[in-house]
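Have the coordinates open while you read.

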Amino acid sequence: KLHSDLDKGVGTVKYTLSGDGAGTVFTIDETTGDIHAIRSLDREEKPFYTLRAQAVDVDTKKPLEPESEFIIKVQDINDNEPKFLDGPYVASVPEMSPVGAYVLQVKATDADDPTYGNSARVVYSILQGQPYFSIDPKTGVIRTALPNMDREVKEQYQVLIQAKDMGGQLGGLAGTTTVNITLTDVNDNPPRFPKSIFHLKVPETSHVGSAIGRIRAVDPDFGKNAEIEYNIVPGDGGNLFDITTDEYTQEGVIKLKKPLDFETKKAYTFKVEASNLHLDHRFHSVGPFKDTATVKINVLDMDEPPVFSKPMYTMEVYEDTPVGTIIGAVTAQDLDAGSSSVRYFIDWKNDVDSYFTIDATEGTIATNELLDRESTAQYNFSIIASKVSNPLLTSKVNVVINVLDVNEFPPEISVPYETSVCENAKPGQVIQIITAADKDLSPAGQRFSFKLSSEASNKPNFTVHDYRNNTAGIETRRNGYSRRQQELYFLPVVIEDSSYPVQSSTNTLTIRVCRCDSDGTIQSCNVEAIFLPVGLSTGALIAILLCIVILLVIVVLYVALRRQKKKDTLMTSKEDIRDNVIHYDDEGGGEEDTQAFDIGALRNPKVIEDNKIRRDIKPDTLRFPRHRPPAEDNTDIRDFINHRLQENDVDPSAPPYDSLATYAYEGNGSVAESLSSIDSLTTEADQDYDYLSDWGPRFKILADMFGEEENYNPDKVT
């Protein structure tokens, strides 16, 4: 309520209100000054309001007193329950934890004023989850309330927590949340076999390393605490088997370490121990974390393939042994109860296997071809044995046959030697060390001996000194050698081996005489050294050879040019236009030479004169015109040619050469007909050569020549 000292209660004073919530939350009676709240207030929304009030004159509207400010504070009431802002909660605690083990701390908040009364004073309690867990009423810390809670008995717990204000008194507001608590596993349980004896049946044909059975120990723990390690307890039969752990199923996988044989032993018994890998020292007092079970394995009899007496056979045979000679045998047996016969055969893979045969019943191996150690020193192949009762059951074994050497090759010089001796060599000087090689497989201790052949031992040039260590030296026997007298010496050396029978060979060494300096260093052994004393140097010899080559080139070029000049052709001018041209290297007699060839006879065969052909001159070059198709009527030309040919053939006074010319006889079937005017009865002046222009590019030059002659007519007046 507001009141001014100037207010006499007569209605002359008016009260006004401004500030937070004026007119919306709060209102004032203008006459009395009473302030009223016009809606509900929430302290949690706005805890206080700042307002300003003033008294004014009703008539003049002027303030009677200065404006005053005041604060309206909202008093709290317990209208908000506690709330768990982080709920629901998830927590875990190890199983077998002691009482009071910390699990989780929860916290509830109350929006009421904590400074006024007990509206915001929260107390925690457990509504559901006892007697396993407890909670501190003030701090909200959850702890275990029972000892040795076992995960294997119960793993999940749901606890309902309540938070109540007003200190937990009657009438207080409360809020709840859920806490899901999981017991985590610890290794508090040892592995246990569900039964004490495991029986397994295993075929005797099982392969080494294969799994033959599984056993399992049960561990109620979880994760790594349930990991189990299996071991075979040393004892009877355990050395044939091994056991490993399947990391996914935690089963013990029994594997075979060695082959089983029903005929040898039919059953095996051994113990298997299962233990945890990760132990917890807190539970050692519970007892040993391992268990033991017995495994009995019964071996099943199976129909097995034959078994060879050896894993591999090695045999030896001398080369060139006669075909059919037995060199060894293989043996395989059927170890099953109903022992069956065995058959043998060679596993053919290549042509090399055909060198041997095997007896199918006895297993004896014999040669099938002659063997040569120098070609193949060792043979490797496989023998297969199968049961007669079940041929599909087979076994295989490798056979190695070494071919032994027979001394059949003589020793020879190991490498070709290039031996030289100085012209100034002294007697007893070693000029070459030689060694020998033998194609035979030399046994240990074999020696080669060296000596001169009988025909060379009497010559005073060289000798052979055997060092008796499979080497020999070539020594000089005289003082000095002359290249002018003899450039090459051929020394036959006999080499023998020490095997039986003794083999020997004669090898010829070529010794070249060389020019050396005083220290014995070779200066030259080639042909050039012979000419050096004459005074000709290498450069001079090269210059002489070059001069000879140049002279030969000049002569060849001159001869080629002379031949080319003889082949030059004449009659290239376009002015000399005749159907047939024969060129002679002599000068004709002109018009009065009646013995010369009459071209008119060619133009009209009907006026041919007898015996007018000139035969006393040999033409140098006979040029044949292009062969063209004949005209349709060419019998006169053919008869003329045949007649003249017959005259020359029967004339005994004619020279041994023919002077017959070709008269443009073009054969049959010419599309353009004949280009010659021989069979024409008209003169050249009566010919019209315009049709040549229609025959195409090949006759262009001919059309131009005849066109020029037609245009050049001195009697024609333009």
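Strand 22 and strand 26 (residues 364-367) run antiparallel to each other, paired over 3 bridges; strands here are DSSP E runs of at least two residues, numbered from the N terminus, and two of them pair if DSSP finds at least two bridges between them. Isoleucine 326 has alanine 366 of strand 26 as its bridge partner. Both strands belong to an open, antiparallel sheet of 3 strands in the order 22-26-25. Strand 22 (326-329) and strand 25 (356-358) are its edges, each pairing on one side only.

A word on provenance: this is a predicted model, where local features need pLDDT of at least 70, side-chain atom pairs count only at pLDDT 80 or more, and totals for chains, interfaces and linings use all residues. Residues are numbered from 1 along each chain as its sequence is written, and side-chain values use heavy atoms, leaving out hydrogens and water.

| Site | Feature | Loop |
|---|---|---|
| Glycine 87 to proline 88 | cis, omega about -5° | proline 88: between strand 5 (68-73) and strand 6 (89-94) |
| Glutamine 130 to proline 131 | cis, omega near 5° | proline 131: between strand 8 (123-128) and strand 9 (133-135) |

Methionine 96 isn't a glycine, yet its phi is positive, near 60°. Methionine 96 sits in the loop between strand 6 and strand 7 (102-105). Is methionine 96 buried or partly exposed? Methionine 96 counts as partly exposed because its relative accessibility is 24%; buried means under 20% relative accessible area, exposed over 50%, and partly exposed in between (1.4 Å probe, protein chains only).

Key. Helices (H or I, at least four residues) and strands (E, at least two) are DSSP runs, numbered from the N terminus.
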